[in-house]
Amino acid sequence: MGAEWELGAEAGGSLLLCAALLAAGCALGLRLGRGGAADRGALIWLCYDALVHFALEGPFVYLSLVGNVANSDGLIASLWKEYGKADARWVYFDPTIVSVEILTVTLDGSLALFLIYAIVKEKHYRDKVAWGE
């Protein structure tokens, strides 16, 4: 394993940020979960999912709408610049990518919060919404 496996600062920061979001999602899901293992597992996943949508994808949408990621600085911009090394549409404004991300942030992020609420408050509809039963 030579130089191709070395991580740059941007890639390392991206991995560290994703690991921190996973740890936060786990901690939050375990803190909110009062039921069985299935509820705690679902809450961990949903908390992580909501954090990713709002803390990673939300800023991407903002950066894309006010300019582009290539001209932005900061940890989130560096994460998307690293991702953009594989596909430049993530670095420079691409209407298809941005429109899909807007839907992902608003719909998927909101649905994750709604499901967290339904599980924590033990609403009668939580299984029907979460699992489609």
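Me: Where is Ser72 found?
Reply: This is a predicted model, in which local features need pLDDT of at least 70, side-chain atom pairs count only at pLDDT 80 or more, and totals for chains, interfaces and linings use all residues. Residues are numbered from 1 along each chain as its sequence is written, and side-chain values use heavy atoms, with hydrogens and water left out. Helices (H or I, at least four residues) and strands (E, at least two) are DSSP runs numbered from the N terminus. In these terms, Ser72 is located in the loop between H2 and helix H3 (75–84).

Me: Is Ser72 buried or exposed?
Reply: Buried means under 20% relative accessible area and exposed over 50%, with partly exposed in between (1.4 Å probe, protein chains only). The relative accessible area of Ser72 is 12%, and therefore this residue is classed as buried.

Me: Which backbone oxygen does the side chain of Ser72 reach?
Reply: A polar contact is a pair of N or O atoms within 3.5 Å; within protein, one must be able to donate a hydrogen and the other to accept it, and residues adjacent in sequence count only if both atoms are side-chain atoms. At 2.9 Å, the side chain of Ser72 reaches the backbone oxygen of Asn68.

Me: Which residues does Asn68 touch, not counting residues up to four places away in sequence?
Reply: Asn68 is also placed in the loop between H2 and H3, and its relative accessibility of 19% is why it counts as buried. Contact means heavy atoms within 4.5 Å. Ser72, leaving aside its neighbours within four places in sequence, is in contact with Leu63, Ala77 and Lys81. For Asn68, not counting residues up to four places away in sequence, the residues touched are Leu63, Val91, Tyr92 and Phe93.

Me: What is the pattern of the chain, read along the sequence?
Reply: The secondary structure comes to 5 helices and 0 strands. Read along the sequence, the chain therefore follows, under the DSSP assignment, the pattern α-α-α-α-α.

Me: How many of the contacts in the chain with a separation of 6 or more, in percent, come from residues 24 or more positions apart?
Reply: The chain has 133 residues, of which 38% count as buried. Within the contacts at a separation of 6 or more, the share from residues 24 or more positions apart is 55%.

Me: What distance separates the C-alpha atoms of Ala23 and Ile44?
Reply: Ala23 sits in helix H1 (residues 9–32) and is partly exposed, with a relative accessible area of 46%. Along the chain, Ala23 and Ile44 are 21 residues apart. Their C-alpha atoms are separated by 9.4 Å.

Me: Which helix gives the most to the nonpolar patch?
Reply: Patches are made of residues with over 30% relative accessible area and no salt bridge, like charges being joined within 9 Å and nonpolar side chains (Val, Leu, Ile, Met, Phe, Trp, Tyr) within 5 Å. Tyr62, Leu65, Val66, Phe93 and Ile102 make a nonpolar surface patch of about 520 Å², accessible areas coming from the Shrake-Rupley method with a 1.4 Å probe and, for residues, only the protein chains shown counting as cover. Leu65 counts as exposed because its relative accessibility is 53%, and it lies in helix H2. With 3 residues, the helix that gives the most to the patch is H2 (residues 37–66).

Me: Which cysteine has the sulfur closest to that of Cys47?
Reply: A disulfide is a pair of cysteine sulfur atoms within 2.5 Å, and a search of the whole structure finds 0 of them. Cys26 is in no disulfide; it is partly exposed at 28% relative accessibility, whereas Cys47 is buried at 1%. The sulfur of Cys47 lies 9.4 Å, too far for a bond, from the closest cysteine sulfur, which belongs to Cys26.

Me: What value is phi of Glu122 near?
Reply: Glu122 is placed in the loop between helix H4 (95–120) and helix H5 (126–131), and it counts as exposed because its relative accessibility is 57%. Most residues other than glycine have a negative phi. Glu122 has a positive phi, near 50°.

Conventions. A salt bridge is a side-chain nitrogen of Lys or Arg within 4 Å of a carboxyl oxygen of Asp or Glu.
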